[in-house]
Amino acid sequence: MEKPDKLIVNGKRLDGRGVDDLRPISIHAHVLSNADGSALIRWGNNLVLAGVRGPRECFPRHMADPFKAIIRAKYEMTPFSSKEEHGRSGPNRRSIEISKLIRHVFENVVLLEKYPKSQIDIFIEILQSDGGTRCAAITAASVALADAGIPMKDMVQAVAVGKVNDEIVLDLNYIEDSASDGADVPIAVAGRNKDILLFQMDGILDKSQFEEVFSKVFKAADKIKELQTKALEEVYFATEKGEVKKRLPLY
Amino acid sequence: MDTVYPGLQLDKSMYGQPYTYSENGKVYSNVFGMLRNDKIVPLQGQYDPKRGDIIIGVVNEEKFSGYSVYINLPSEGSLSSRDSREELETGDVIECEVDYVNEIKQVSLTNPKKLGFGSVMIIPPVKVPRVIGKQMSMINLIKEKTGCDIRMGKNGILWINDCKNKPIVIKTINKILREAQFSGLTSRIGEFLDKEIKNKE
């Protein structure tokens, strides 16, 4: 795809958003019947499915921790997910890294001590990608965990902030992300006290730009949190004459 | 209806209640659920074994010292043959009591009663109180109207004996699970059962 010269023109980005706008997000919880908890998130052109199994018996047994549960996360991109051919899906360098960081995010949030010697699995499939999939994945996985009834301290929201044409911009898409002069900073925060659970940086930022980054992320996180709780409420309380109207949107 | 979600700050009077945690003198919820009579009712989740609970299990394996029993938990329950008055076989459905839960949530069982021919249904354990009802009103209503024998274990395993109205019972249980979060359920289920039984005849 041809790269445009300027990514921000008159304060508007390529897809018509301002610098502080998120892409349109919609979340559906409890979309799968066999998983204990699940969520489907549509974040702009990203489409991410997260499923949770557990707590269940730890396998292999020697991995089990007698004091707490262990979390396993699997992030995987489908071969048809991106604009360029992604090749055969399966673990590669990138997906192993992202699986690991998703695991670390939720190890800080889930009350693991309640389920000793067991494991909680988080499976994430990227059905379509357009930049910022790890943030969408963490947001969806948080909803899926809550839907599975797993006790957590917090809901987790994640969003990327970056530098495009020397401006701090919220929620980068693929073109902005891959522009060579910018910076890309995915951040995950705990909804309750704004603890930083994930912080990665690709590129260079000034010290003064950091404050701007965090204020933008915290504002966006509040908006995402509202959507997450709405998605969960919709599953159980969307009613019509006492009957559940729309419970299972996928099947 | 008030819903709660993980990390939502609650009133201080909720301190120490189940499904809450406190940090810096503030009380927070740790599950997704609803607030009813100042108590958190979770909408999903696993069975939390407690001593004295009556549960239903399926015998999975016979060992030389006893049996291991599937009880809808990550680890299987163990039943010593010394505590068992009857000889059990693999596949038997038993109603038993939780004798002891150790620190890694392994369950030992006692006092098994063999349940005869029938079907087993696994439902979310958080919805068991709704299936049983206040003072067993719901389960007695279903038993009375259909003439089936139903046993509900606290771990979410339900046993129905072989009877002619079994499909209606299964339909009713599914309706209860779908509408568990709404009030006035018992009367609605009564009407539903009347209609179903009339349709059948």
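Reader: How many bridges join strand β8 of chain A to β9(A), and which way do the two run?
Author: Four bridges join β8 (residues 156-164) of chain A to β9(A), and these strands run antiparallel. Strands here are DSSP runs of E with at least two residues and helices are runs of H or I with at least four, both numbered from the N terminus, and two strands count as paired if DSSP finds at least two bridges between them. Within this pair, A:V161 stands opposite A:L170 of β9(A).

Reader: Before I go on, what sort of model is this, and how do the numbers and letters work?
Author: This is a predicted model, in which local features need pLDDT of at least 70 and side-chain atom pairs count only at pLDDT 80 or more, while totals for chains, interfaces and linings use all residues. Residues are numbered from 1 along each chain as its sequence is written, and chains are lettered from A and ligands numbered from 1 in the order in which they are written.

Reader: OK, back to that sheet: what is the strand order of the open sheet of four strands in chain A?
Author: The order is β9-β8-β10-β11 of chain A, with antiparallel pairing. The edges are taken by β9 (167-170) and β11 (196-199) of chain A, each of which has a single partner strand, so one side of each is left without a neighbour in the sheet. On average, and with direction ignored, neighbouring strands of this sheet are turned by 25 degrees against each other; axes for such angles are lines fitted to C-alpha atoms, for helices over the stretch in contact, and angles run from 0 to 180 degrees between N-to-C directions.

Reader: And what does α2(A) lie across?
Author: Helix α2(A) lies across β8 and β10 (183-190) of chain A, and runs at about 165 degrees to β8(A).

Reader: Changing topic: how many residues of chain A are in contact with chain B?
Author: There are 29 residues of chain A in contact with 24 residues of chain B, where contact means that the C-beta atoms, placed from the backbone, lie within 7 Å. Helix α4(A) gives the largest share of the side of chain A that touches chain B, namely five residues. By class, that side has 14 nonpolar, six polar and nine charged residues; Ala, Val, Leu, Ile, Met, Phe, Trp, Tyr, Cys and Pro count as nonpolar, Asp, Glu, Lys and Arg as charged, and the others, Gly among them, as polar.

Reader: Over in chain B, how do the axes of α3 and α4 cross?
Author: The axes of α3 (residues 166-178) and α4 (residues 185-200) of chain B come within 11 Å and cross at roughly 150 degrees. These helices are therefore roughly antiparallel to each other, given that angles under 35 degrees count as roughly parallel, over 145 as roughly antiparallel, 65 to 115 as roughly perpendicular and the rest as oblique. By class, the contact of α3(B) with α4(B) has seven nonpolar, one polar and four charged residues.

Reader: And at what angle do α2 of chain B and α4(B) pack?
Author: Helix α2 (residues 137-146) of chain B packs at about 15 degrees to α4(B), with their axes 10 Å apart, and that makes α2(B) roughly parallel to α4(B). Among the residues that meet there are B:L141 and B:I142 in α2(B) and B:I189 and B:L193 in α4(B). This contact has six nonpolar, four polar and one charged residues by class.

Reader: Last one: what phi does B:N37 have, and where is it found?
Author: B:N37 has a positive phi of about 50 degrees although it is not a glycine, and B:N37 is found in the loop between β5 (33-36) and β6 (39-42) of chain B.

How values were computed. Contact = placed C-beta atoms within 7 Å.
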